[in-house]
Number of protein chains: 2
Amino acid sequence: MTPKENINALRQMMQNEGWDAIVISGTDPHSSEYLPLRWQVRQWVSGFTGSAGTVVITADHAGLWTDSRYFIQATAQLEGSGIALHKLGMPDTVDYPEWMAANLAEKATVCVDGLCMPLATVQHMQALFADKGIGVVSRPDFIDAIWSDRPALPGAPAFELGVEYAGRARADKLAWLREAIAAKGCGAILLSSLDEIAWLLNIRSSDIAHTPVVIAYLWVSAERAVLYTTESKFDAALTAALAADGVALAPYGSIVESIAAWPNEAPIYIDGAMLNYALYEKVTERFGAAVVDATSPVKLEKALKNETEIQGFREAYRKDGIVQTRFFRWLEEALAQGERITEIDAANKLISLRKEMDGYLDESFAPISAYGKNAALPHYSATPEQCSVLEPRGLYLLDSGAHYLDGSTDITRTIPLGPLTEDEAFDYTCVLQGMIALSMASFPRGTRGCHLDILARMPLWKYNRNYGHGTGHGVGHVLCVHEGPQGMRQNLLDQPILPGMVTSCEPGMYCEGLYGIRHENMLLCYEDEANEYGDWLAFMTLTCTYIDTTPLVEELLTEEEKMFIDCFNTSVYETLLPDLTPEEAAWLKTKTIDCLFEPEELEE
Amino acid sequence: MTPKENINALRQMMQNEGWDAIVISGTDPHSSEYLPLRWQVRQWVSGFTGSAGTVVITADHAGLWTDSRYFIQATAQLEGSGIALHKLGMPDTVDYPEWMAANLAEKATVCVDGLCMPLATVQHMQALFADKGIGVVSRPDFIDAIWSDRPALPGAPAFELGVEYAGRARADKLAWLREAIAAKGCGAILLSSLDEIAWLLNIRSSDIAHTPVVIAYLWVSAERAVLYTTESKFDAALTAALAADGVALAPYGSIVESIAAWPNEAPIYIDGAMLNYALYEKVTERFGAAVVDATSPVKLEKALKNETEIQGFREAYRKDGIVQTRFFRWLEEALAQGERITEIDAANKLISLRKEMDGYLDESFAPISAYGKNAALPHYSATPEQCSVLEPRGLYLLDSGAHYLDGSTDITRTIPLGPLTEDEAFDYTCVLQGMIALSMASFPRGTRGCHLDILARMPLWKYNRNYGHGTGHGVGHVLCVHEGPQGMRQNLLDQPILPGMVTSCEPGMYCEGLYGIRHENMLLCYEDEANEYGDWLAFMTLTCTYIDTTPLVEELLTEEEKMFIDCFNTSVYETLLPDLTPEEAAWLKTKTIDCLFEPEELEE
């Protein structure tokens, strides 16, 4: 069916049911970032393939609300669909809940799939709709009526991430969680975030591309725990291991009815920002007002990586460093020999090299392999139909990452393929200065990401230049490549950066139609000294892939910045050396040791 | 009466009235920072002279809650009073509302003077008290029963700040306000912040030390405006001028009863963070739920200085620059001649020099004149009893400011009186680097003070050093020396720094028992270029007092920092030259032009 046909079919349904609007948020029941096909409803309905957006259909309007990353893409993909693009962030655009509040009639009815919308989103709409008496009804899976070949739940096997990788036994995590539940005066908790469940139970799977979680809900009380999931994914050994820790399995869909049987003597703990509205309705039927809606305690605990996880991250970055040394060497030599290499060829080569590494599970996201002006789109995605050939000039940007059993990576390097313009070299230098400034920061406990973010921007702001995305995000340990609760961005997020957090540092600079630059390292926050002025924290870089220094404008760099680059590249070389062939080692030496700013000083 | 006697008398009153606790917040009906004697109730009751704190008295406990600025002072002043010190900000201290919620019995009654407590504070208590059914009663001026010689309202004359200083006519401001009221769907507004009223009506007085406002409330509807104030302060001409703009006078105290007669067809606009609870009670009696509680629109409008005000600030800083040139020259020569000069002598000399300037009204706050280890207390106040003699070594800190008819100043300089230790010179340099970094910042529209604050701290954080106060505050135009809505501090305050805002930049470094350093300039935000990356804003320094460069550790400074200092000191010299005697000019030249880092380059 075409988007036009889908919208007509949905309007027919609206008329039959007496709905005045339908909202398709395009998430799954777990507020996930990456979705199995079954829940890619927004894409199926509209044809829009971006990762963020909401479709609203009324009798006389169909609209897609999305942000600036997708304006160009959405314009192209919505052509002829009859769906209007609402550009979020533009001065005249109101978001879809406000748009509905303004445009729907009094006492209108809005239908949502309550499974695919978190409680907090529905509550936000309800608050905006109250004045006009507009109601929200939840009809789980209403799309089934028109999506006849809708895919089923994926069924890849689940496996245990052993304590040698996870660093903390499942029983220990469950005991900790039970204390946290009790501290809130609750008798149980309902977890619905897939990465929280996977972290807590030390289980993983491959149901969803790039996110090795298991599709499930988890209910934990003081005595029991039930994992609602596709039971066939669990073999006998894993089922027994879970049972030994008091975790029983139950069918995924059975949670809807089983809530009515949960003990309700004590309040239940939910996280309304993540829990879907359909389950929340069942929870309130059972618990009434005895519901504590607060951020899940797992969210922060999971972000504070333990020593084993940190060691695993180091190992993952070491592996990625080897992979990228091989990749960049291959690229340089192939281009020198005049081979025809497209952006997709390059990405495929990288992935094939990664797959050779021990413990490789998956890419942690689809690589962004972008040459020249394509790199000016921060979320560029090459397709076989639209894909540039790499040429021996200008800049090539590669943003990629992997999940290994040890840990997960996310790294961006921008490298010169030949001569650069003055602007390219200048911006390359400023962006790197931003990455270095944040990497070298020392700050007292209590400092938020929104305080630190500016450090990565100042070298660009100095010249009235800027990038339109955040500076950094948390990274899960063999989980989601984007995880909270911390962030490194301008939003006034009240979450301090704490020891054990692993956060990316990825300033960039994008010159439309010409080039794009991004340098991304991964930073581990650790405790430095405590003195009368505070408890001091700092960052350690986990990334182990060399920085190409040839484009750098040396006059712009301070001695400290040169020292940082020298130390970093020396450390990359020394760390990777044991695992490289002599030819690879010789090549990496030309990119690192042979390019130091102050070779004598470092050799002392 | 002694604090002990006061507390006994208050406990007697509590028993007679059936109150379980009394809260004395120690502010006035207008949430002012500086108070006339009449409203210095906290000080009268407790003997504590700090500018912030709350006293709570129950049957068996009397406590003062205050912050770290006053721990030492409060400990001394409360000795023998029977009042316990609760140290806010310490890990184990809960604030007084939480303390009462925990320590009072169910259904207890808490008495406050509703005139001297803003609505928002009472609402916060009520929310905390709800679970235990604890009630809050307001008894305006209950202290009258035991404070027999309580001072009356001050009666200094009011005067008009002409449009040649204010830059905008009263009628124009009233028309703007009426649009803002209508935009909120309201029929009138009740203003209670003294500086907002003074700004709106272009009136000033000298009722309160350091804050040239008029004690008043202002009610503005679409057709009328009534200023509730001490009418005898207004002469016939000013009364007529106000009447010509539709502003009638009424007795200050009559507002309480007149609210019942205000038109109530449309909702009324109040600012519950500032409006006292006693008036709010009357407002709800009259308007019921038709009350819009939001930040006063005057708050932001007043902070965006117009061209005349900006020119006035420049003029005020020029005058202050002359004063301080004379002062520092006098100090240097007096010390060289072996004169005995105390911290108070120095402050008095400065004030006497200021009084010679045209248009001088008042100090904008009591000068902080602090030598050596005294300067390590950021809010040090020398007294005749406790006051150091300046010696020809170490650092002297002078934080002071004035109100001139043109504008208001706030400036800190720390100067060497002789040889310094290495630590003193090092910290002197780092603190100045922080001031320079913030002063030179370029940033896109939308940037908050909590984003920029870190720039002033980084040169100290680099060495795990810090200061415990905010970096900057707004400054009123011949109004409060501390004004909002913007701030330059770590708190996640959602207020962008906007063109026209005048904000201090005052990093410091305090080494207990040894020395204190603070450098403070005043920054005007202005619009720089707009390009595809944003609307760019930057700062211009208004301050015109030289920076002593002799303590600077040159190796720590970048070329850019040296250039900033050179340009600043050159500009100070050139701006002040026309008004200095030849001897003064020669002396200032030795502090500026003769000390440039790169004299040749600047002379080209």
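Before we go on, a word on the model and its labels. This is a predicted model, in which local features need pLDDT of at least 70, side-chain atom pairs count only at pLDDT 80 or more, and totals for chains, interfaces and linings use all residues. Residues are numbered from 1 along each chain as its sequence is written, while chains are lettered from A and ligands numbered from 1 in the order in which they are written. Helices (H or I, at least four residues) and strands (E, at least two) are DSSP runs, numbered from the N terminus.

| Residues of α1(B) | State (other C-beta atoms within 10 Å) |
|---|---|
| Pro3(B), Asn6(B), Ile7(B), Leu10(B) | buried (20 or more) |

Pro3(B), Asn6(B), Ile7(B) and Leu10(B) are buried. They cover an arc of only 95 degrees around the axis, which puts them on the same side of α1(B); the arc is that of the directions from the helix axis to the C-beta atoms. An α-helix has 3.6 residues a turn, so residues three or four places apart point the same way. Among the elements that cover the buried residues are β1 (21-24) and α2 (41-46) of chain B. After α1(B) comes Gly18(B), with a positive phi near 80 degrees.

**Where the chains meet**

Now for the pair of chains. In all, 20 residues of chain B are in contact (C-beta atoms, placed from the backbone, within 7 Å) with 20 residues of chain A. On this side of chain B, α16(B) gives the largest share, four residues.

A rotation of 180 degrees with 0.0 Å of shift along its axis superposes chain B on chain A, with an RMSD of 0.1 Å. The two copies are thus related as by a two-fold rotation axis. The superposition is by least squares on the C-alpha atoms of residues with pLDDT of at least 70 in both. Within chain B, His451(B) comes closest to the rotation axis, at 2.6 Å (C-alpha).

Notes. Two residues are in contact if their C-beta atoms, placed from the backbone, lie within 7 Å. A residue is buried if 20 or more other C-beta atoms lie within 10 Å of its own, exposed if 12 or fewer, and partly exposed in between; C-beta atoms are placed from the backbone.
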